[in-house]
Amino acid sequence: MKFKRVFLIVLDSVGIGESLDADRYNDQGADTLGHIAEARRGLAMPVMGKLGLSNIRDIEGILPAANPLSYFTKMQEASAGKDTMTGHWELMGLHIDTPFRTFPNGFPEELIKQIEEKTGRKVIGNKPASGTEIIEELGQRHVETGDLIVYTSADSVLQICAHEEVIPLKELYDICKYVRELTKAPEYMIGRVIARPFIGEKGSFQRTPNRHDYALKPFDRTVMNELQDSGYDVISIGKISDIYDGEGVTKSLRTISNMDGMDKLLETLDEDFQGLSFLNLVDFDAIYGHRRDPLGYGDALEEFDQRLPEVLQKLNEEDLLIITADHGNDPVHHGTDHTREYVPLLVHYQGIEKGEQLPIRETFADVGATIAENFKVKMPKFGNSFLKDIL
């Protein structure tokens, strides 16, 4: 074992340009980082610049590093799909042949009828929508009637929204668990069912941190399972545990924002553990990408960059830091969907005098394979380790 601790950060949706097969997803020209930098007339991310972000490809405002502090490249997604679960599952060594289903016209009547019969509540909404917008549209009606607000997005998700004083959290969670079981059927193949509670009054409704995701279990063992079974720690930060339905997780830390996620990461850096710390920063995707807000997205990227020195200062000589993403979400692209893009890969540890460019990775699973090789656990079926290339 070379590294005692591996810190994996997923910048949710931070793509770095259209992938080879972008045309299959109607995503020609997608470029999350490039278009954000263009919209802002440059991104101020000096720390990511020093690590080598602009050595992967030119990004306006970020100078390429003469002596990058990371090994750097980009990764192509091999699985079918461009959603959160597919990207994350592939990072840990899986390959998804059949993409999760999305429902751009709402969910089938049969499913809605089953939900209504089980809960005794009428379903309203049943369409793709922004979570904040659908609360504004249907929140008061829900408060007055107790009807369930059901909606989806460009992702493979079924979201159920309810006021905490109208439908108590336990009841909402129980409803979501029931719907999760219903939607495991092959005809639905929905990646996640999400409880979306809110509070407040008309005109000032706001979502609470009591969101809970009910995901499908991974269809096979991941690198996380192998780590856990070999006695290593697997610390999930943010929605990681939800994405894997708790599989392979030894400790889960929930977060309410990107910056809360960074705070939790820093706390983890102070812990004496052996294994993997796995962080997802979801605000990039949920707040800025889907809402097509390139300026806000840029602010969030710069805010992340400003916190990176704290992380780098806490890394010790037995730590490996990997920064990547799970898909793209170009905030100037058409629609509100994810975009099929390459994702950046930066790999850093103490003592790198001049990082080099790694070959373009043909699958995200190379990350999982590298972690598996480091800890000498069973290698995943997919992916090739780059551990020897960085040592």
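D285 sits in helix α11, which covers residues 283-289. This is a predicted model, so keep that in mind while you look around. D285 is buried, at a relative accessible area of 2%.

What does D285 touch, once residues up to four places away in sequence are set aside? The list is D12, S13, T84, D155, H290, H327, N329 and H338.

H290 belongs to the loop that runs between α11 and α12 (294-314). With a relative accessible area of 17%, H290 also counts as buried, because the cut-off for that label is under 20%.

Skipping neighbours within four places in sequence, H290 makes contact with D155, D285, N329, T336 and H338.

## The annotated site

UniProt, in an unreviewed entry, lists D285, H290 and H338 under "binding site". These residues span 54 residues in sequence, yet no two of their C-alpha atoms are more than 8.5 Å apart, so they gather at one spot. Of these, D285 and H290 are included in the lining of the second largest pocket.

## Helix α7

Now over to α7, residues 169-182. This helix has 14 residues and reaches 20 Å from its first C-alpha to its last, close to the 20 Å expected at 1.5 Å a residue.

Which residues of α7 are buried? They are L172, I175, C176, V179, R180 and L182. Looking down the axis of α7, the buried residues fall within an arc of 155°, so they line one face of the helix. Their packing partners are α5 (109-119), β4 (148-152), β5 (157-163), β6 (192-199) and β8 (212-215).

Key. Residues are numbered from 1 along each chain as its sequence is written. This is a predicted model: local features need pLDDT of at least 70, side-chain atom pairs count only at pLDDT 80 or more; totals for chains, interfaces and linings use all residues. Side-chain values use heavy atoms; hydrogens and water are left out. Helices (H or I, at least four residues) and strands (E, at least two) are DSSP runs, numbered from the N terminus. The expected span of a helix is 1.5 Å times one less than its number of residues. Buried means under 20% relative accessible area, exposed over 50%, partly exposed in between (1.4 Å probe, protein chains only). The arc is that of the directions from the helix axis to the C-beta atoms. Contact means heavy atoms within 4.5 Å. UniProt positions are given in the numbering used here, feature names are shortened, and annotations may be inferred rather than shown by experiment. On a 1 Å grid over the protein atoms alone, a cavity is a set of points where a 1.4 Å probe fits but cannot get out, and a pocket is an open set with protein on both sides within 12 Å along at least five of seven lines; lining residues have an atom within 4 Å of a point.
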